[in-house]
Amino acid sequence: MTSTIARPIPDTPRGTEPGAPRRESRLRALDGLRLIAALMVAAYHYGGRGGAVTEAWGSSPKVQFPTLHAFFAYGCLGVQIFFVISGFVICMSGWGRSLTSFFASRASRLLPAYWAAVLLVTAVFALPVVAYDAVSPSDALVNLTMLQQPLGVERVLGVCWTLWAEIRFYALFALCVVLPGASRRRVILFCALWTLAAAIAHGADEPLLDLVLMPEYAPFFVGGIGLYLVHRDRRDAYAWGIVGVSWLIGQHHAVRELWHAPSADAFSNRTSLGIVLVVTLGFVAVAAIALGWLNRVNWRWLTVAGALTYPFYLVHEHLGWVVIHGLHRGLGLASAETFALAVASMLLLAWLLHRGVEKPLTPRLRAALSGRL
C-alpha cells in the first residue's frame, strides 16, 4: 500500500468538492490494534481484578494466575488505547461529512450489536442456573438508549461506561468540527480549546464540567485526533504538539486513576512506571500506523479482527464470567484452558453477532438515518 503522507495534504484535496468525504485506504494495522486493546481488557476482566469474577473462578484470580494476574491488571489500559484509536478514526471518518451522514454512520455502527448484547446478557442472566442477578425489566429497557449512566440506571453491560464517554466525544466533535465543516485549522483549534477547557474543568472540580469535558479521557481522544493530523501530514508541527501535550496529560490522568500505594488488601499493585509505559506504547502504536510504518501489516484477516472487536468488547465481560464458571467450576478445567476457551467462545459469539446482527442491520439503519435531518 503506497503511503500518501509524504507531503502536506490541503484541507480540500484537488478535484474534491467541499464537504465530500476524503477517500482513505483502510488501515488494517489499526484493526489489529483494536483487537489487541480488546484482548487486554478481557485479560483484565478475567484475571486482573477482583470482584464478581471471583465468583466465576471460585477464588481470587490471584490464586488462579499467581504470576500473570500482575500483568493482567494493566489490561484495563486497553480502554485508553481504544480512546486514542477512536480520536484517530472519528476525525478520519468525520472529515468532509455532513452532520446527518456523521450521525447515521456512528449510530448504525454502535447500535445493532449493542442492542443485541443488552438483550442477550439480560436473557442469560435471567436464567435460574446463572449465579449473577439480572437488572430489572425497566432498567434493561432504559439500557437500550445508551443513556443509563447519566440517568442513574443499573447497567446491563459493565463496559458500557466507555460508550458513554464515546458518545460525549462524538457530540463535541460533531458540534465543533463536523457541523461547521472540518478543516485543519478548525480541528487544531478544537483540540487546543478542549485540552484547555478539560484542564480548567479538572481544576474547578465542577461535576457538570467534568461530565461534558471528561478531563480524565479528553487527552486520549485529542491525542488520537492529533495523530490523524500527523497521518495527513507528518511534518505538521501543530499536530505533533497536540500529540505530545496529550500524551503528557494522559499519562498523568492514567497514573492518578489507576495507581495506588502497595497494599496487601489491594488486588493489584500497578506501578506508575508500568502505567506510563502502557500508555506510551498505545500512543506509539497509533503513531506508527499514522506514519505508515505498519503499511506492510495489510493482511485481510485483520479486517475481520477489527469487525469482531466491538461485539467482542460488548459481550466478553459478563458472558465470559458465565463461561468461566461453567468450564472451571462445572467441568473442572484448568485455569489456563478455561481462560483460553472463554476468550475463544466470546470471539465466536462476536463473529455470530457480526454476521447475524451487524451485517444485515447496520446498512439498513444507516440508510434509514441518512435522510434529511
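A salt bridge is taken here as a side-chain nitrogen of Lys or Arg within 4 Å of a carboxyl oxygen of Asp or Glu. The model is predicted, so local features need pLDDT of at least 70 and side-chain atom pairs count only at pLDDT 80 or more, whereas totals for chains, interfaces and linings use all residues. Residues are numbered from 1 along each chain as its sequence is written, and side-chain values use heavy atoms, with hydrogens and water left out.

Six salt bridges were found in a search of the whole structure. One of them joins the side chains of D31 and R34, at 2.6 Å from N to O. Both residues belong to helix α1 (residues 28–47). They are three residues apart, about one turn of the helix. Helices (H or I, at least four residues) and strands (E, at least two) are DSSP runs, numbered from the N terminus. Accessibility was sorted into buried (under 20% relative accessible area), exposed (over 50%) and partly exposed (in between), using a 1.4 Å probe and protein chains only. D31 has 1% relative accessibility and therefore counts as buried. R34, at 21%, counts as partly exposed.

A salt bridge also links E55 and R329, whose closest N and O atoms are 3.4 Å apart. E55 lies in helix α2 (residues 53–57) and R329 in helix α14 (residues 301–330), so the pair ties together parts 274 residues apart in sequence. E55 is partly exposed at 38% relative accessibility. R329 is partly exposed at 43%.

The side chains of E257 and R256 form a further salt bridge, at 3.2 Å from N to O. E257 counts as partly exposed, at 48% relative accessibility. R256 is partly exposed, with a relative accessible area of 48%.

Lining residues have an atom within 4 Å of a point. Grid points are joined across faces, edges and corners, and a volume is the space filled by probe spheres set on the points. The largest pocket has a volume of about 1,300 Å³. Its lining comprises 43 residues, of which R26, R34, V89, R106 and R109 lie nearest the centre. Elements giving two or more residues to this lining are α1, α5 (78–94), α6 (99–125), α8 (160–178), α14 and α15 (335–369). Helix α5 supplies the largest share, nine residues. The lining divides into 20 nonpolar (Ala, Val, Leu, Ile, Met, Phe, Trp, Tyr, Cys and Pro), 13 charged (Asp, Glu, Lys and Arg) and 10 polar residues (the others, Gly among them).

Methods: 1 Å grid on protein atoms, 1.4 Å probe; cavity = no way out; pocket = protein on both sides within 12 Å on 5 of 7 lines; lining within 4 Å.
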